[in-house]
Amino acid sequence: LGDLSTSHRDYAGAVDFYAKVLTIDSTNARATHSIALCYDYLGQRDNAMTAYERALRARPDIKDLRFNYGRLFYLREEYDKAIEQFAMVLALDPNDLDANINAGIAYLKIGEKSNKAIQDIEAKGMNITKQQAKDVETFKAQQKEIFAKGIPYLEKATEVAPTNAGAWFNLGVAYIRAGETQKGQEAVQKSEELAGK
């Protein structure tokens, strides 16, 4: 009945049936997995997180569960935790396109967040101290390293799906932000060709 409700997109009804299964057999992996997905579809992220954690304790080897758990961290902007989960997916399947793309983009998001600290200091213009000027240079160097960490994931994504324009574009951004401008421009150009621009 839970599966039937899910197939009819009655996720709230499905949750009720899967919950009944879990009162009978709290270790039922299928019901645990399914209830997590239903909470996710319902947009109940906190319930989904709890259900995914429970499902992963029962079945840590199910990569779709692991990916969805990582995606919820990504949506919460907890990018470090999302990357950890995507890396676990990639340990199970190194060619998982979505895990590679999302891990790469998560690094881009972390790098972009560090822009705020740099912009706050640079906004002071001529009034910044020597220490603040040093801090800006340190932040910029760290930021390049962060963007560079996303490159292997995005390179792998373009290997797995060579016609994916989005993967090429994000790879171009990562290259450029990591200081590899020529490679970045080539990747962005490839992205535009694939997108038909």
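Good morning. I begin with a pair of helices: the crossing of helix 5 and helix 6 is left-handed. Please bear in mind that the model before you is predicted.

Two packed helices are described by the angle between their axes and the distance between the axes. Here, the axes of helix 5, residues 63-75, and helix 6, residues 79-92, cross at roughly 165° and come within 7 Å. Angles over 145 degrees count as roughly antiparallel, and the two helices are therefore roughly antiparallel to each other.

Which residues of helix 5 meet helix 6? They are Lys-63, Arg-66, Phe-67, Tyr-69, Gly-70, Arg-71, Phe-73 and Tyr-74. On the side of helix 6, the partners are Tyr-79, Lys-81, Ala-82, Gln-85, Phe-86, Met-88, Val-89 and Leu-92. By class, the residues of this contact comprise ten nonpolar, four charged and two polar.

I turn now to the cores. The largest nonpolar core holds 40 residues, and Ile-35, Tyr-52, Tyr-74 and Phe-86 have the most contacts inside it. Among the elements giving two or more residues to this core are helix 2, helix 3, helix 4 and helix 9; helix 7 gives the most, with seven residues.

Beyond its neighbours within four places in sequence, Phe-86 is in contact with Phe-67, Gly-70, Arg-71, Tyr-74, Ala-99, Asn-102 and Ala-103. A second, separate core of ten residues includes Trp-168, Ala-174, Tyr-175 and Ala-187.

Finally, consider Asn-170, which lies in helix 10, residues 165-177. Is Asn-170 buried or exposed? Its relative accessible area is 17%, so Asn-170 is buried.

Technical notes
Residues are numbered from 1 along each chain as its sequence is written. This is a predicted model: local features need pLDDT of at least 70, side-chain atom pairs count only at pLDDT 80 or more; totals for chains, interfaces and linings use all residues. Side-chain values use heavy atoms; hydrogens and water are left out. Axes are lines fitted to C-alpha atoms, for helices over the stretch in contact, and angles run from 0 to 180 degrees between N-to-C directions. Helices (H or I, at least four residues) and strands (E, at least two) are DSSP runs, numbered from the N terminus. Angles under 35 degrees count as roughly parallel, over 145 as roughly antiparallel, 65 to 115 as roughly perpendicular and the rest as oblique. A crossing is left-handed if the near helix is turned anticlockwise from the far one by less than a right angle, and right-handed if clockwise. Contact means heavy atoms within 4.5 Å. Ala, Val, Leu, Ile, Met, Phe, Trp, Tyr, Cys and Pro count as nonpolar, Asp, Glu, Lys and Arg as charged, and the others, Gly among them, as polar. Buried means under 20% relative accessible area, exposed over 50%, partly exposed in between (1.4 Å probe, protein chains only). A nonpolar core is a set of buried Ala, Val, Leu, Ile, Met, Phe, Trp, Tyr and Cys residues joined through side-chain atoms within 4.5 Å.
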